[in-house]
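Thank you all for coming.

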Amino acid sequence: SSDNRIIDICLINLSYVLLFFADIYLLCVKKINIFKIVYQAIRENKFFIILIIYILYEFFNIINGIRNGQFSYLINKILIILKLGFLLSNIVLYIYSNNKSFEQKKKNIFLSFGVSTYIIILFTLIKYFSGNFILLTRIAPVNDYNVFAVTLLFTGSVMVHYIIKYLNGKTRLILLTITIVLVFSIVYMSGSRRGIIFIYICAIAYILLYLLFYKNKFGRINYSNIISCVLISVVCFIFCNLAFNGFNYYVEAYATAAREAVEQEKTNQDLEMNNEKQEKEENLIDNKVDSNEISEPGPQNPTSTEESSEDVSSDKAQKVPGFGETRLEDRYETINISEGLSSRSLVWEIAINEIKKMNALEIIFGGGSGYNLSIYQTEENASLINPDVEPQEIKSDPHNIILNDILEGGIIKILFMIVIVVMVISIALKNIKYNNQESILILCVGMILGGTLMLSARTGLLGVDLFWYLVV
């Protein structure tokens, strides 16, 4: 409901408000020199220079995009950039203003991201099993189950990294198994085909890189950890299957109970209507007895009442949880190139055709923010997507970071993105021999981000939470 959405939004933004007041305290009471910290961060991390220039160019695109008329989109994009930039700034502030060792700071940052895994899972399960689900057949607390699955996969990856690096013995093995089982099970039951693909890609990549680069203190490959990985994978497979079967049983039981409730309500309505009809006939007969004009009641026409009853029943059936929803088994059967990309091919084709129509200046600087949405609201393109809807009601976008950025910011924006990608990969590969675990984590998160952007990038690179987390 709208009330629940308002509560969710207030809870999410409450953390930013609290963080803002914490910053005021640090800056005013602790007398922290923020300009010195920013200068030190930029001097030690050349990546920040590119990021700042990229952010400035994004705001140029936003100003340039005012003419496109997508004001709600522009405001939403600005808020996302400001909020996520604010979060990154606080992490930089924490790193450069604290007297703790860098290793301890790093450990705390990983732990904060990792612990959010359990918070997300707990919140998701409570919301679902309390009946506040969006879809009965998918465990996801938000409408965009793909974003939910990818976010959980990211926080889960960070937690796995934290457990492997900072914990030892049985504690590490037990917590690692629990974390992987929970994350895999929830992502699997979220209905996100993208999340399932990323799980297998990251698992294979992590194991391969782990075998190649992770060595013990003697410089040899740690085979005991490899055996642990295999055992955890087996346990994870077994428990995920059990969880999936249990989830299917719950869905069937819930849907059956809901259908029976609707059918019982329909039966009660029919019985009530029949009683009313019988009372009317008896009253009619009693009235005619006094005038000695008793006659057989004429044929009744219950069609209208029956039809209305059927209409009511049909309306109620559509509100039954699970009605018209695709089962997870059927959904995951479509994970292949032809079916998985069929819904994207039309919007990609429209975006490519619009790029071909752009002049030289637009190819260089783009059409401004919001142009990626406006192209689908022309009469020609809107009729291709949904001829039964008014063009202005179409809310489609290119669903691809390359097409999206060319339309909004042209070749310049694409070059910025290429530079950022190259820098991230080079940093990870350069340090993989010295700090292999974190480099592996960066590469895995990068693969998740890259796959996500190839299929969905409505607000561009800076509008994706996962990009900012990768920067951290």
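This is a predicted model: local features need pLDDT of at least 70, side-chain atom pairs count only at pLDDT 80 or more; totals for chains, interfaces and linings use all residues.

Let me start where K46, F47, I50, I53, Y54, Y57, E58 and N61 in α3 meet D405, E408, G409, I412, K413, F416, V419, I420, M423 and V424 in α17, where a contact means heavy atoms within 4.5 Å. The residues of this contact between α3 and α17 comprise eleven nonpolar, two polar and five charged ones, and in that sorting Ala, Val, Leu, Ile, Met, Phe, Trp, Tyr, Cys and Pro count as nonpolar, Asp, Glu, Lys and Arg as charged, and the others, Gly among them, as polar.

Residues are numbered from 1 along each chain as its sequence is written, and side-chain values use heavy atoms, with hydrogens and water left out.

How do α3 and α17 lie relative to each other? The axes of α3 (residues 46-64) and α17 (residues 401-431), which are lines fitted to C-alpha atoms over the stretch in contact, come within 11 Å and cross at roughly 170°. The two helices are therefore roughly antiparallel, a label for angles over 145 degrees, on a scale from 0 to 180 degrees between N-to-C directions.

Next comes S369, in the loop between α14 (360-365) and α15 (371-374). Is S369 buried or exposed? S369 is buried, at a relative accessible area of 0%, and buried means under 20% with a 1.4 Å probe. Apart from neighbours within four places in sequence, S369 is in contact with E58, N61, I62, G65, N68, Y73, L74, K77 and E408. With K77, the side chain of S369 makes a side-chain polar contact at 3.4 Å, that is, a pair of N or O atoms within 3.5 Å, one able to donate a hydrogen and the other to accept it.

I375 touches A351, E354, N381 and L407, if residues up to four places away in sequence are not counted.

Finally, the whole protein chain has 19 helices and zero strands, the helices being DSSP runs (H or I) of at least four residues and the strands runs (E) of at least two. Of its 472 residues, 39% are buried.

How values were computed. Buried means under 20% relative accessible area, exposed over 50%, partly exposed in between (1.4 Å probe, protein chains only). Angles under 35 degrees count as roughly parallel, over 145 as roughly antiparallel, 65 to 115 as roughly perpendicular and the rest as oblique.
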